[in-house]
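I opened this entry to keep track of pockets, ring contacts and charge pairs. My notes follow the order in which I looked things up.

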Amino acid sequence: ASHRSALASPSTLVAEAVLALGFSSFDGLGRHLAALPYGRVVRSGDPLAVLREGRGTGSSKHQLLATVAQGCGHFEVMLTVGLYAMSEANTPGVGAVLAAASVDAIPEARCYLTIDHQRIDFSGAPRGRASPFASLAAEYFLAPEVLAERKPQLHRQALAQWAPAHGLSEQAAWD
């Protein structure tokens, strides 16, 4: 197996590990991840941390799904970061924080998959009365291995453009 591993891509090795854990279909893996509780993984450098720790964020769950799909040759499954206007309507529970800052909505970055021009969210996050997709300002398709670096950069850039018009510093908006 060592000669094969040397030629296999990291995403192929992750896909093989997921298969070895008993997941035989992409849909089954997606349903399993969506059902896991929301929470940051401790070992963020471990591509299988979501499965090993039994929790994940929208970013970590979708990063794993995209890595597995691409490791199996399905490059039509694209890891997507969408920048949207986060509000109580599309993100239940955030209204009080926004009201305290005297804003109705603020730019937020959200991960999901795009497959055949369809946005699919396996985060398992509570659904609001409006979809975050209805207030998208931009979308970026990223390679799974650059997500940890690029998502915060994209989010901070959006906040830096938004904050001055709303009487906030970039740092205050980030906080």
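**Salt bridges**

I began with Asp46 and Arg52, which form a salt bridge whose closest N and O atoms are 2.6 Å apart. My criterion was a side-chain nitrogen of Lys or Arg within 4 Å of a carboxyl oxygen of Asp or Glu. The model is a predicted one, so I took local features only at pLDDT of at least 70 and side-chain atom pairs only at pLDDT 80 or more, while totals for chains, interfaces and linings use all residues. Residues are numbered from 1 along each chain as its sequence is written, and side-chain values use heavy atoms, with hydrogens and water left out.

I then looked up burial for the two partners. The scale runs from buried (under 20% relative accessible area) through partly exposed to exposed (over 50%), with a 1.4 Å probe and protein chains only. Asp46 is buried, at 13%. Arg52 is exposed, at 55%.

How many salt bridges does the structure hold? I noted 5.

Next I took Glu139 and Arg119. Their salt bridge has its closest N and O atoms 2.7 Å apart. Glu139 sits in strand S4 and Arg119 in strand S3, 20 residues apart, and the pair links distant parts of the chain. For elements I used DSSP runs numbered from the N terminus: helices are H or I with at least four residues, strands are E with at least two. Glu139 is partly exposed, with a relative accessible area of 28%. Arg119 is partly exposed too, with 40%.

I also logged Arg156 with Glu170, a salt bridge at 3.2 Å, N to O. Arg156 belongs to helix H7 and Glu170 to helix H8, so this pair ties together parts 14 residues apart in sequence. Arg156 counts as partly exposed at 26% relative accessibility. Glu170 also counts as partly exposed, at 32%.

**Charges over rings**

I required NZ of Lys or CZ of Arg within 6 Å of the ring centre and within 35 degrees of the ring normal. Arg119 lies over the face of Phe133, 5.7 Å from the ring centre. Arg156 lies over the face of Trp174, 4.4 Å from the ring centre.

**Aromatic pairs**

A pair of aromatic rings is described by the distance of the centres and the angle of the planes. I paired rings of Phe, Tyr and Trp (its six-membered ring) with centres within 6.5 Å; planes under 30 degrees apart are stacked, over 60 edge-to-face, the rest tilted. The count comes to 2 aromatic pairs.

Phe26 and Phe122 are edge-to-face, 6.1 Å centre to centre, with 90° between the planes. Phe26 lies in helix H3 (residues 26-35) and Phe122 in the loop between strand S3 (118-120) and strand S4 (136-142), so the pair ties together parts 96 residues apart in sequence. Phe26 counts as partly exposed at 25% relative accessibility. Phe122 counts as buried at 13%.

Tyr112 and Phe133 are edge-to-face as well, 4.7 Å centre to centre, with 70° between the planes. Tyr112 is in strand S2 and Phe133 in the loop between S3 and S4, 21 residues apart. Is Tyr112 buried or exposed? Tyr112 counts as buried, at 0% relative accessibility. Phe133 counts as partly exposed, at 23%.

**Pockets**

I searched a 1 Å grid over the protein atoms alone; a pocket is an open set of points where a 1.4 Å probe fits, with protein on both sides within 12 Å along at least five of seven lines, and lining residues have an atom within 4 Å of a point. Grid points join across faces, edges and corners, and a volume is the space filled by probe spheres set on them.

The largest pocket has a volume of about 1,300 Å³. It is lined by 41 residues, of which Thr57, Gly58, Ser59, Ser60 and Lys151 lie nearest its centre. Which element gives the most to this lining? I found H5, with 7 residues. I classed Ala, Val, Leu, Ile, Met, Phe, Trp, Tyr, Cys and Pro as nonpolar, Asp, Glu, Lys and Arg as charged, and the others, Gly among them, as polar. The lining of the largest pocket has 20 nonpolar, 15 polar and 6 charged residues.

The second largest pocket has a volume of about 270 Å³. It is lined by 16 residues, with Val97, Ile106, Ala173, Trp174 and Asp175 nearest its centre. H6 (95-100), S2, H7 and H8 (170-174) each give two or more residues to this lining. Its residues divide into 13 nonpolar, 1 polar and 2 charged.
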